[in-house]
Amino acid sequence: MFSSTLFMNKVFAADSLIRPSNVAVIVNTANTNSVAIGQYYLKARGIPSDNLIRVNIPGNPKKLTVEQFNQLKQSIDEKLKPEMQVILLVWTAPYAVECNAITSALTLGFDAQQCKKTCGPGKMSPYFNSATTQPVDAGLRLSMLMPTESVDEAKALIDRGILSGFMMSEASAYYLNTSDKLRSSRAEFFPKSMQIPERKLQIQTLQLDAIENMKDIMVYETGLAHVPKLDTLGFMPGALADHLTSSGGDLLGGGQMSSLKWLEAGATASYGTVSEPCNYWQKFPNPTVLLAHYLSGESAVEAYWKSVAWPAQGLFIGEPLASPYCTSCRMLQNVQ
C-alpha cells in the first residue's frame with residue numbers, strides 16, 4: 001500500500017482545488033485575539049467577509065461536553081454555505097470534545113465508541129489516503145484549528161502559509177527513528193532517504209533522537225514525549241512537523257510537549273492527540289501518505305487529513321491553505 005511506486009505516483013498527482021473562498025473562518029467573540037486574528041486571516045488570504053462565522057464560547061474551556069459541542073456545531077452548521085469545504089477554528093481552546101479532538105468531531109462527528117476505550121482501535125476515516133480532489137466529494141468538510149495565544153505569532157503563522165505558495169525552494173524532509181521505541185511505531189512507514197529533484201526535496205531518514213541547526217526543514221516527523229533543540233532549527237514556509245506521543249494535542253497541558261511548540265518554532269501545521277491513544281500508527285500521520293499528498297500539490301489541511309487513518313482523537317492545527325508544491329495555486333496567487 002505504501003510502496004515507493006505508489007509514493008512517486010502520488011507525488012505527481014493533481015494540485016489542490018481548495019481556494020480561499022472555500023474556507024469558513026470561525027471566531028469566538030468572547031476572545032479578542034480570536035476576532036483580531038480571524039479578521040487578519042480574511043484580509044491576508046482574500047477570503048470573502050461573509051465566510052466569517054461568529055460564535056460565543058465564554059471562558060475558553062479546554063474540553064467541551066457532547067451537549068456543548070452539539071450546540072456549537074449547530075450554530076456553525078446553520079451558517080455554512082455549500083462551497084465551504086474547510087472549517088478553520090480561530091482559537092486555542094476548546095480543542096477537545098470529551099476524548100475526541102474538536103477538529104475530528106466537527107468533520108466526522110463525535111465518536112462516542114472511542115471514548116469507551118481510548119486505547120482501543122479507532123474508526124477508519126473515509127478520507128484516509130483518498131484520491132478525491134475535493135473534500136465535498138467524500139461528503140466532508142475538513143477542520144483545522146489556528147491557535148490564538150499570541151496575535152503576533154498567529155499573524156506570522158498566516159504569513160508563512162501565504163509565503164509558501166510563491167515559490168518552490170530547496171528543502172529537506174527529516175524522519176527520525178528515535179531511541180524511544182514505543183513512540184517510533186511509524187518508523188516502518190518512513191520513506192527511504194532519497195532526492196526528489198522535481199520538488200527540490202532531500203529526504204533524510206535517520207537513527208537519531210534529534211536534529212539541530214538544520215535550517216531547511218519542510219517536514220520533521222519523530223517520536224518522543226519532548227523534542228529537544230527546536231530553538232536551533234529553521235523551518236521553511238509551509239513546513240509540517242509532528243511527534244508521536246500521547247498528548248501533543250492537549251495544547252495547554254503540561255505533561256508532554258504540546259503541538260503548539262512546533263508552530264512556535266516555525267512550522268506551519270502540526271498534529272497531536274487530545275487523549276491517550278496508545279501508539280497505534282493509525283492514530284497519527286502516516287509519514288509516506290502525508291509526504292506524497294503534500295508533494296502532489298495538496299494543501300496542508302488536505303495532506304494532514306488524508307494521512308490519518310483513525311483521526312477521532314487527533315487535533316489538526318495550523319494554517320490550512322499552505323501549499324508549497326501546488327503549481328496552480330502559485331500561478332493564481334501571483335496573478336492576484
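Colleague: Is Lys200 buried, exposed or partly exposed?

Modeller: Buried means under 20% relative accessible area, exposed over 50%, and partly exposed in between, with a 1.4 Å probe and protein chains only. Lys200 has a relative accessible area of 35%, so it is partly exposed. Lys200 sits in the loop between β9 (194-196) and β10 (201-206); helices (H or I, at least four residues) and strands (E, at least two) are DSSP runs, numbered from the N terminus. This is a predicted model, in which local features need pLDDT of at least 70 and side-chain atom pairs count only at pLDDT 80 or more, while totals for chains, interfaces and linings use all residues. Residues are numbered from 1 along each chain as its sequence is written, and side-chain values use heavy atoms, with hydrogens and water left out.

Colleague: How many disulfides does the structure hold?

Modeller: A disulfide is a pair of cysteine sulfur atoms within 2.5 Å. The structure holds two disulfides. Cys119 and Cys278 form one of them, with their sulfur atoms 1.8 Å apart. The pair links distant parts of the chain, 159 residues apart: Cys119 lies in the loop between α5 and β7 (142-146), and Cys278 in the loop between β13 and α8. With 75° about the S-S bond, the link of Cys119 and Cys278 is right-handed. Cys119 is partly exposed at 25% relative accessible area, and Cys278 is partly exposed at 29%.

Colleague: Which residue is joined to Cys99 by a disulfide?

Modeller: Cys99 is joined to Cys115, with an S to S distance of 2.2 Å. Cys99 is in the loop between β5 and β6 (100-101) and Cys115 is in helix α5 (residues 112-116), so the pair ties together parts that are 16 residues apart in sequence. The link of Cys99 and Cys115 is left-handed, with -95° about the S-S bond. Cys99 is buried at 8% relative accessibility, whereas Cys115 is partly exposed at 27%.

Colleague: Which way do the side chains of β8 point?

Modeller: In a regular strand the side chains alternate between the two faces of the sheet. Ala171, Ala173 and Tyr175 point one way from β8, while Ser172, Tyr174 and Leu176 point the other way, and all are buried. Because six of the six residues of β8 are buried, β8 is largely enclosed by the rest of the structure.

Colleague: With which strand does β8 pair over six bridges?

Modeller: Two strands pair if DSSP finds at least two bridges between them. β8 pairs with β10 in the parallel sense over six bridges, and Ala171 stands opposite Leu201 of β10. β8 also runs parallel to β11 (residues 217-222), joined by four bridges, where Glu221 is the bridge partner of Tyr175.

Colleague: Which residues does Leu108 touch, residues up to four places away in sequence not being counted?

Modeller: Contact means heavy atoms within 4.5 Å. Leu108, in helix α4 (residues 102-108), touches Ser125, Pro126, Leu140, Trp305 and Pro311 on that count.
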